Amino acid sequence: MMICAAQLLGFDDFIPPYASTRGQALLAGVNFASAAAGIREETGQQLGGRIPFGGQLQNYQSAVQEMVSILGDEDSAADYLSKCIFSVGMGSNDYLNNYFMPAFYSTGQQYTPEQYADELIQQYSQQLRTLYNYGARKVALIGVGQVGCSPNELAQRSPNGVACVEEINSAIRIFNAKLIDLVDEFNALDGAHFIYINGYGIFEDILRNPAANGEEHRPPSSCLLHFHFIKHLLHVVGRITVWVCVLPGLSVTNRGCCGVGRNNGQITCLPYQAPCPNRDEYLFFDAFHPTEAANIIIGKRSYSARSRGDAYPMDIRRLAQV
């Protein structure tokens, strides 16, 4: 999703991981992402090693300290960071790999959906305040998508393998509503420009009319300084690029392009398993993750909102101009 949005902003390189990026290279961008990570420390632990959002922020703080040394002083680093766009998307694993996984976690028994959303938002708010205190001023918060429509959840919980799991999606709507309120709270801080990207609503629109989402989009040329913190990702670049995103339209929305079992979602894509040959027509690549085609649609609408509901109070294109 954010790769396409970054392309629309003028990027043409992938961003290297923090594990292999130090010194001057930090000024060209660094990726702090960690698969299966969540807002909560324990989220995703059944999948093995990962760096929770709190740990990713610690890495970000270390990177900022290096940038202070590189740029000469804290004021220079603060000025540099204030011109950058931070994109943060957390929460999906806290539902998929925590709250709705009772075999490994007790949160589903400890909290009602309302209480759990409150717990997540409280912790998320503290984490985002750390991000703000270390220089972030332009921040795009990505709402949690429709996890209850993923092939894995359809395989386990949907009676017909088509109807999304409302128990999961309704819990996520509670979280997203509180996330919008959090955007308003942060925008009261000095110099802050936080936005909410409605990943849930965009995804819902794709599911409602998947075939209508095939088109060619050619954005205007752009020359931007961009510091991209994507679910823990940073990037700085200044260059002029014209990108074309071509989509054929999606026709398969309830099965993974690659996977095993019902909905290709009971076991995710295995090593050396051949994916479907027409993955541009699939909404999901595997049991959990959208295809590139789907991410392009979401990325385009995150960059330039197609409707008022796509982004609040502005889209990424306007955020870059603030």
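In this predicted model, Cys164 comes out partly exposed, with a relative accessible area of 33%. The link between Cys149 and Cys164 is right-handed, with 115° about the S-S bond. Cys149 sits in the loop between strand 3 and helix 7 (151-157), Cys164 in the loop between helix 7 and helix 8, and the two are 15 residues apart.

The disulfide count comes to three. Cys257 pairs with Cys276, again with S to S at 2.1 Å; this one is left-handed, at -115°. The bond ties together parts 19 residues apart in sequence, because Cys257 lies in the loop between strand 11 (252-256) and strand 12 (259-260) while Cys276 lies in the loop between strand 13 (267-268) and strand 14 (282-284). Both Cys257 and Cys276 are buried.

Cys258 bonds to Cys269 at 1.9 Å, and the torsion of about 60° makes this disulfide right-handed. Cys258 is buried at 1% relative accessible area, whereas Cys269 is partly exposed at 23%. Numbered in sequence order, the bonded cysteines pair up as 1-2, 3-6, 4-5.

As for the nonpolar packing, the largest core has 52 residues, and Val88, Tyr95, Tyr124, Leu141 and Phe175 have the most contacts inside it. Elements giving two or more residues to this core include helix 6 (113-133), strand 3 (138-142) and helix 8 (166-186). Tyr124 touches, among others, Ile39, Phe53, Val88, Leu141 and Phe175. A second, separate core of 29 residues includes Leu8, Leu9, Ile85 and Ala311.

Methods
Residues are numbered from 1 along each chain as its sequence is written. This is a predicted model: local features need pLDDT of at least 70, side-chain atom pairs count only at pLDDT 80 or more; totals for chains, interfaces and linings use all residues. Side-chain values use heavy atoms; hydrogens and water are left out. A nonpolar core is a set of buried Ala, Val, Leu, Ile, Met, Phe, Trp, Tyr and Cys residues joined through side-chain atoms within 4.5 Å. Buried means under 20% relative accessible area, exposed over 50%, partly exposed in between (1.4 Å probe, protein chains only). Helices (H or I, at least four residues) and strands (E, at least two) are DSSP runs, numbered from the N terminus. Contact means heavy atoms within 4.5 Å. A disulfide is a pair of cysteine sulfur atoms within 2.5 Å. Lists of a residue's contacts leave out its neighbours within four places in sequence.
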